[in-house]
Amino acid sequence: MAEERGNVAEQSAVFPPPKEFQKTAYIQSLDEYRERYERSIRDPEGYWGEVAEEFHWFKKWNQVRKWEEPWVEWFVGAETNLCYNCVDRHLNTERRHKAAIVFEGEPGDVRTLTYQQLHDEVCRVANVLKGLGLQKGDRVAVYMPMIPELAIVLLACARLGIIHSVIFGGFSAEAVRERVNDATCKAVITADGGWRRAKIVPLKETVDKALADGACPSVEKVLVFKRCGNDIPWTEGRDVWWHEAIAEASTDCPVEPLDAQHPAFILYTSGSTGKPKGVQHAVGGYMVYTAHTAKYIFDLKDTDLYWCTADIGWITGHSYIVYGPLANGATVFMYEGAPDTPNWGRFWEMIERHRITILYTAPTAIRAFIRQGNQWVTQHDLSSLRLLGTVGEPINPDAWLWYYRVVGKERCPIVDTWWQTETGGILISPLPGATPTKPGSATLPFFGVEPDVVDQDGKPVPTGEQGFLVIRQPWPGMMRTLWGDPDRYRQSYWEVIPHVYFTGDGAMRDRDGYFWILGRIDDVVNISGHRIGTAEVEHALVGHPAVAEAAVIGVPDELTGQALVCFVTLKSGYQKSDEIKGQLVEQVASVIGKFARPKEIRFTDALPKTRSGKIMRRLLRKVALRDPSLGNIDTLEDISVLAKLQADEE
Ligand code: WT7
């Protein structure tokens, strides 16, 4: 970890919030931030109770927080509804005819939905869901392209208390099947296809593969939106066309008041075992936390056109495309496709044409743009931009500085936001009008968040030293449990280091109290901001008939942040060949998804193991990085000899 990231303590440049931005920001000084922060930590119930007053509750809470480690309840006894707060609440205000969503498809089709129109569409879809026999508490898998209907589906589910489980459109049939079955989803909502790099992503076809041969017995209905008009397989009695079902649906659909602890949704993410974790969030706390963070971290105003480039298939899209911004009555820009279609100017051209004011994207995207040359950016008028954000992985200072200068023209503050699927919302980030930034640091905790950097026993490490990033007390956006697996929740998050929330990240705190996130310290790899468990990849590899054993590690990559290197031993009777290498790469793509494709497959005669049989990943990492301390290890035989030698030493 340390040698991969360099000595971050040496990064000393400080950028105060740009003056023009500061003038209109909600929080305009570090003192103001500190005062509010200290209050939020001293009196979390008072703080969050006051924040929650901004929203609509069908029934008020009788206690703000009930905390019995590791179980938390926020707004105990209260009833609310995410959809009501994101949509209906704005209808009696001047926001009613304001744009909620401005959408651009990859082929260039543009659509705007006002809050009133969004309300009507959400109600119609909610009525369709009811018509399919779905009700409060049922789980529904959503496998859709990045089109407004995806946001509409989420809100329609939220309106009725149906628990959505969005599966990123890049996941394979096998991954879809596993997730659908884990949550015993009653329906799948999908589209015929979606546009990506001028090609059709065959979503419905993949759903059919996932459900084939009765593999998902809980699924009764598949609702299909027509996006691309491509030919698709059809199962009579099970499959329903969206446009047919919606034709007669009413734009009136009463909101279901939900207990604040009711599950809002499940979102699967990777952990250190092969089985994905179904992270479960609760309606009340999640709503308050995502809305509050969105407002202060993005300084959201009614005049903004806010664009988060993430896919709704990940938590970033849930919290900062759909729920957080809409709960603030903001206007959200949504784009369906790839950043390089028709060319690398696409993002900047859209920012210019739509006059986008806030851009929230990932370091890996920034690095890809840097590679293409500044002209794609500089030929566009980006003067509408006032704030930039990044998320998903540590941002290298060079990329930060490029973003600041070439995109933001030194006028736009950058918020480097650290958080996780499990945290529901952003936990560590600058406040754009208040916090002086340092390239590569996520800076300071948000209100109500108490992070620390500790050793294995939970003892804080000294300033400037590396340790584990933990959070000392719960915040409203915190996950409630893992779907169907409360023990794993307790063990993975609250028992690794006793009595604190364990993030899985390494971190360092500097003299100013700024946090520097160093990346995962568990067996989770971050490729282009996509979280992948090495155990999942190993599981995929050993599914190939030629593979005896596999060990997978993450190595630094200039473009994608990290990349996968797979060490594989073959069963006897199989010959090492480029053909098998190719097959193994495809195997991972088909079991998990194309985004998980390994960068390198290396055959070896043996894997280095400890006496107790544990694979020595640290050694493999050295081998993959061609660590000079190992001598010349470029041939396969060298690796296995080395592996044997090292294993004997253990
Ligand atoms: C992991 C969580 C939260 C939305 C996207 C990813 C890494 C995330 C940052 C950041 C350094 C970051 C961490 C974290 N990460 N944001 N600003 N700086 N690292 O959500 O898939 O749950 O992944 O992403 O390693 O643990 P996720």
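## Cysteines, cores and Arg386

This structure holds 0 disulfides, a disulfide being a pair of cysteine sulfur atoms within 2.5 Å. Cys216, for instance, is in no disulfide: the nearest cysteine sulfur, that of Cys185, is 8.6 Å away. What you see is a predicted model, in which local features need pLDDT of at least 70 and side-chain atom pairs count only at pLDDT 80 or more, while totals for chains, interfaces and linings use all residues. Residues are numbered from 1 along each chain as its sequence is written, and side-chain values use heavy atoms, leaving out hydrogens and water.

| Cysteine | Relative accessible area | State |
|---|---|---|
| Cys216 | 6% | buried |
| Cys566 | 0% | buried |

Now for the cores. A nonpolar core is a set of buried Ala, Val, Leu, Ile, Met, Phe, Trp, Tyr and Cys residues joined through side-chain atoms within 4.5 Å. The largest one has 182 residues, and Phe75 and Phe298 touch the most other members. Helix 7 (residues 148–160) gives the most to this core, with 10 residues. Apart from it lies another core of 32 residues, including Trp344 and Trp402. Helices (H or I, at least four residues) and strands (E, at least two) are DSSP runs, numbered from the N terminus.

The side chains of Arg386 and Asp304 are joined by a polar contact of 2.8 Å.  A polar contact is a pair of N or O atoms within 3.5 Å; within protein, one must be able to donate a hydrogen and the other to accept it, and residues adjacent in sequence count only if both atoms are side-chain atoms.

How values were computed
Buried < 20%, exposed > 50% of the residue type's maximum accessible area, 1.4 Å probe, protein only.
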